[in-house]
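Morning, everyone. Let me put today's model on the screen, and then we'll walk through it.

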Amino acid sequence: MGNKADIIWIDIAKSSNEYARNAICRLDNLSVVSVKEQTAGRGQAGNSWESKAGENLTFSIVLKNPEISSTEQFAISQLTSLAVIDLLAGHGITAEIKWPNDIYVGDKKICGILIENALAGPAIRWSIVGIGLNVNQTGFPSHIPNPTSMALEVQDRKFDCSELIEEFLDLFSSYYGRYLNATGGLKKLRQLYLSQLRHKDQPHLFRDLRSGHQVEFTGTIRSVTPAGYLIVENGDGDMMNFTFKEITY
């Protein structure tokens, strides 16, 4: 997986996830598609992902028939997030995971992850792991509220994107082998994920969006379920489960 021959480099495409999805039948397991310029990058829940051509990493990893059930699919998100955290740490950047899988440095977003799964009953037929990592870009559009990049965090340094993707794939492969295919691995993976989760066990102001109204409350993130639900304890001691887009800071 770490060999350069495994990476398909594309000059321009709507997004690496779309390219991989359209080519899924002819791509091998653990194929990697990296797009130098995305014209219609996407984030979670249809949000856009903007990236200056040639300055960042926007790529997707294809997983075919991963050996976990559909109810455990959030494990793919967990191991991907942890691999990004490790990659950044290797270059002196301390980051955290903002549930479910945005990567933050302080109050600024450095990486977004979009995972698409095709299910076949209780099994995952294929998964496309899309990653957008801000690398060398130092100027961002004004409508993006809180961006940062590796170059902004490590001053006077320009990173080689082809080397970075190789580093990441080694880390991803290591997590995949240690936790997805090992006895008790998913439980250990979730514990590692929780150890890197932003604002865990710290009271914070949230908005509950489930009723259609933005109800503010002070809560504390306590855990994440195997299915990826965020568990937040409110001021009355009640534990509440939230899916993505049901809660915001």
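I'll go through charges, cysteines, backbone and a couple of distances.

Some ground rules. This is a predicted model, where local features need pLDDT of at least 70, side-chain atom pairs count only at pLDDT 80 or more, and totals for chains, interfaces and linings use all residues. Residues are numbered from 1 along each chain as its sequence is written, and side-chain values use heavy atoms, with hydrogens and water left out.

Salt bridges to begin. Side chains of opposite charge can pair when their charged atoms come close. How many salt bridges does a search of the whole structure find? The count is 10.

One of them pairs E96 with R198. Their closest N and O atoms are 3.6 Å apart. This pair links distant parts of the chain. E96 sits in strand β4, residues 96-98. R198 sits in the loop between α5 (185-195) and β8 (203-208). That puts the two partners 102 residues apart. A word on those labels: helices (H or I, at least four residues) and strands (E, at least two) are DSSP runs, numbered from the N terminus.

Are these two buried or exposed, or something in between? Buried means under 20% relative accessible area, exposed over 50%, and partly exposed in between, with a 1.4 Å probe and protein chains only. R198 has 8%, so it is buried. E96 has 31%, so it counts as partly exposed.

Next, E216 and R207. They form a salt bridge too, with 3.3 Å between the closest N and O atoms. E216 is partly exposed at 46% relative accessibility. R207 is partly exposed as well, at 29%.

Now K200 and D201. Their side chains meet in a salt bridge at 2.7 Å, N to O. K200 is partly exposed at 22%, and D201 is partly exposed at 41%. There is also a network here: K200, D201, R222 and E233 are linked by salt bridges.

D201 lies between α5 and β8. Its phi is near 65 degrees, a positive value in a residue other than glycine. H199 lies in the loop between α5 and β8 as well. H199 has a positive phi of about 70 degrees, and it is not a glycine either. At 15% relative accessible area, H199 is buried.

L197 is in the loop between α5 and β8 too. L197 is buried, at 5% relative accessibility.

Another backbone point. Which residues does a cis peptide bond join? W99 and P100, with omega about 5 degrees. P100 is found in the loop between β4 and β5 (102-105).

Here is a second distance. G54 and V84 are 30 residues apart in sequence and 19 Å apart in space, C-alpha to C-alpha. G54 is in the loop between β2 (32-38) and β3 (57-64). It is exposed, with a relative accessible area of 53%.

C111 is in no disulfide, and the nearest cysteine sulfur, that of C161, is 12 Å away. C111 is buried, with a relative accessible area of 0%. C25, in contrast, is exposed at 80%.

Last stop, the surface. D160, E163, E167 and D170 gather in a patch of negative charge. E163 is in helix α4, residues 161-180. E163 is partly exposed, at 49% relative accessibility. As for the term, patch residues have over 30% relative accessible area and no salt bridge, and like charges are joined within 9 Å, nonpolar side chains (Val, Leu, Ile, Met, Phe, Trp, Tyr) within 5 Å.

To recap the loop between α5 and β8: H199 and D201 are both there. Each has a positive phi, H199 at about 70 degrees and D201 near 65 degrees. That's my tour; over to the group.

How values were computed
Disulfide = S-S within 2.5 Å. Areas by Shrake-Rupley, 256 points an atom, 1.4 Å probe, with all protein chains shown as cover. Salt bridge = Lys/Arg side-chain N within 4 Å of Asp/Glu carboxyl O. Lys, Arg positive; Asp, Glu negative; His and termini not counted. Charge placed at Lys NZ, Arg CZ, Asp CG, Glu CD.
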